[in-house]
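The report that follows goes through selected helices, single residues and a chain contact. Please keep the sequence and the structure in view while reading.

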Protein chains: 2
Amino acid sequence: MSILVVGSVAYDDLETPAGKRERALGGAATHFATAASFFTDVKLVGVVGNDFDDKHINFLKSRNICLKGLEINQNGKTFYWKGQYGKDLNDAKNLITDLGVFADFKPKLPEEYKSCDYLFLACIHPELQLDVLRQVHKPKLVVCDTREIWLNNKLEDVKKVVAKTDLLMINDSEARLLTGEHNLVKAADIILTMGPKTLVIKRGEHGAMLFVDGDIFYVPAMPLREVKDPTGAGDTFAGGFLGYIAKADKVDDLTLRRAMVAGSAMASFNVEDFSLDRLRTLTWKDIESRMQAFKQLSHFEL
Amino acid sequence: MSILVVGSVAYDDLETPAGKRERALGGAATHFATAASFFTDVKLVGVVGNDFDDKHINFLKSRNICLKGLEINQNGKTFYWKGQYGKDLNDAKNLITDLGVFADFKPKLPEEYKSCDYLFLACIHPELQLDVLRQVHKPKLVVCDTREIWLNNKLEDVKKVVAKTDLLMINDSEARLLTGEHNLVKAADIILTMGPKTLVIKRGEHGAMLFVDGDIFYVPAMPLREVKDPTGAGDTFAGGFLGYIAKADKVDDLTLRRAMVAGSAMASFNVEDFSLDRLRTLTWKDIESRMQAFKQLSHFEL
């Protein structure tokens, strides 16, 4: 089954202890779509400006990502972000954010996108997320992300989105902001009364947690000798996660746990190189082998 | 097989978002010994002052902990610590530390302690750790902890201890201080060239990692709806971990992984109440059930 993703496509200038990159391909929808494309067909809705290089269009097409919903706005520049990471790599210092054509982004879904089965709303403005939800015809699963800026400034709108979400996928600080509860298990209890049946809390280098049906599943992040660039790891996780689910076309406990591992595997590859460069050479065999490595990392016999 | 632990026995004044306790039983050796006592016989070497209440002696004896090595120094007071935790519970604010009789502590091992099979050196001064290592006769497994103050001020002494250690058990910031390497996998590579064959890195609410024979095992911390008091969680983890190993009397991969889970289970109980109060009513059935819960938390099928 195919996935529709709505979110940013961007240029990133990146500086980490491992080096620098300028005008690297970035954006939540880009990372998500590339990761998900290893599992299933992906349709992307987003916008780029008059400076967006054809080579990136060609790369996304080479991943079989449908770009019919990617608007090319000739009146401005592509979303641009400049970030710098210290050695702990958990938080980027935002040096420049220039929304460019993204400031006026109004997602317009091509007709054939509206009957999508799996929908991922990346961390765009909650009003835009609601707008997309009004356009689609009852997807099997609506997965939403958000970000701190909307939780701090548009909390009521975020709550409206959450009420219409089947599976919320946010990070730990966002779960705390959304609920006002510091303890993550209690925060999850609250979120699961707000609409979603399922919750995934991403914890960066500490892994991710799945909350569903009173059950908790925890997958650690793969310990790596080198993390070159964590940018987009969360969206890559989401792409691997939802890609796995859409491919399996079911949302049972077994599939959800496997999807958590698939997402963690994709995220672990993504951070091994700048931008989404590691995914350019990734093979299905690499993914299967990394998923097995997660078993070796976390299993034990009693 | 029995375990010998050398470390602090203390009085703690504790304040957390869940409440306050005054003159609660604390100390690294106390937490370790109590946790380990659920698995095997424990001998404790430490010192308390003239203010140490008989009821604590009786409690430790009720756990079958041998106190022949617990010196009662009538010339001063028991080690006293006052700490305050904010809502994130990861770091305590140290309000008062009064070493009392612990300042002059010189571990003297009763003769029959010297042939111990399993030795745990809690985070005492590295010179004292070396002194204990000179007294014992080739234990099967020497496990050591340390703390930031020694790494910052007595690094060369800590390295001498590490060189004589079979299994080092420290937290992530200590691993970074010991090696000067931020990446934990690389830090582990370095530590495993310094003497220990096995390394456990404790990560508080994010769980613990085992490094041995080129392999990494990660056990998350049990997500809990309420953490009342994290004091002593690391030492409780160590007690469950080494208790499990000493009971099994082997140090193979299967046992090490199970021991990581046993340690995590004990730590998860410890934080559910102040001081080591939860361990006072804990049963073997509780422990088995919590270890199974860790399987439910972290296992998946591919």
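Does Asn64(B) count as buried or exposed? With 12 C-beta neighbours inside 10 Å, Asn64(B) counts as exposed, where a residue is exposed if 12 or fewer other C-beta atoms lie within 10 Å of its own, buried if 20 or more do, and partly exposed in between, the C-beta atoms being placed from the backbone.

## Basis of the model

This is a predicted model, in which local features need pLDDT of at least 70 and side-chain atom pairs count only at pLDDT 80 or more, while totals for chains, interfaces and linings use all residues. Residues are numbered from 1 along each chain as its sequence is written, and chains are lettered from A and ligands numbered from 1 in the order in which they are written.

## Loop residues with positive phi

Asn64(B) has a positive phi of about 65° although it is not a glycine, and it is found in the loop between helix H2 (54-62) and strand E5 (65-72) of chain B; here helices (H or I, at least four residues) and strands (E, at least two) are DSSP runs, numbered from the N terminus. Ser62(B), which belongs to helix H2 of chain B, is exposed, with 10 other C-beta atoms within 10 Å. Between the C-alpha atoms of Ser62(B) and Val9(B) the distance is 16 Å, and the two are 53 residues apart in sequence.

In chain A, Asp249(A) also is not a glycine and has a positive phi, of about 55°. The loop that holds Asp249(A) runs between helix H8 (233-248) and helix H9 (253-270) of chain A, and Asp249(A) is partly exposed, with 13 other C-beta atoms within 10 Å.

## Helices H6 and H7 of chain B

Two packed helices are described by the angle between their axes and the distance between the axes. For helix H6 (residues 172-179) and helix H7 (residues 184-191) of chain B, the axes come within 9 Å and cross at roughly 60°, which makes H6(B) oblique to H7(B). Axes are lines fitted to C-alpha atoms, for helices over the stretch in contact, and angles run from 0 to 180 degrees between N-to-C directions; angles under 35 degrees count as roughly parallel, over 145 as roughly antiparallel, 65 to 115 as roughly perpendicular and the rest as oblique. H6(B) contributes Asp172(B), Ala175(B), Arg176(B), Leu178(B) and Thr179(B) to the contact, and H7(B) contributes Leu184(B), Ala187(B), Ile190(B) and Ile191(B), with two residues being in contact if their C-beta atoms lie within 7 Å.

The buried residues of H7(B) are Leu184(B), Ala187(B), Ala188(B) and Ile191(B). Seen down the axis of H7(B), they fall within an arc of 100°, so they line one face of the helix, the arc being that of the directions from the helix axis to the C-beta atoms. These buried residues of H7(B) pack against strand E10 (167-171), H6, strand E11 (198-202) and strand E12 (208-212) of chain B.

In chain A, helix H3 (residues 126-135) and helix H5 (residues 155-163) pack at an angle of about 30°, with their axes 9 Å apart, and that makes H3(A) roughly parallel to H5(A). The contact joins Pro126(A), Glu127(A), Gln129(A) and Leu130(A) of H3(A) to Asp157(A), Val158(A), Lys160(A) and Val161(A) of H5(A).

In chain B, the buried residues of helix H3 (residues 126-135) are Pro126(B), Gln129(B) and Val132(B). They cover an arc of only 115° around the axis, which puts them on the same side of H3(B). The cover over the buried residues of H3(B) includes strand E1 (3-6), strand E8 (118-121), strand E9 (141-144), helix H4 (148-153) and helix H5 (155-163) of chain B.

## Tyr244(B) in helix H8

Tyr244(B) lies in helix H8 (residues 233-248) of chain B and is buried, with 26 other C-beta atoms within 10 Å. Leaving aside its neighbours within four places in sequence, Tyr244(B) is in contact with Phe39(B), Arg258(B), Ala259(B) and Ala262(B).

## The contact between the chains

Where chain B touches chain A, 31 residues of chain B are in contact with 30 residues of chain A. On the chain B side, the elements that give two or more residues are H7, strand E13 (215-219), helix H9 (253-270) and helix H11 (284-298), and H11(B) gives the most, with five residues.
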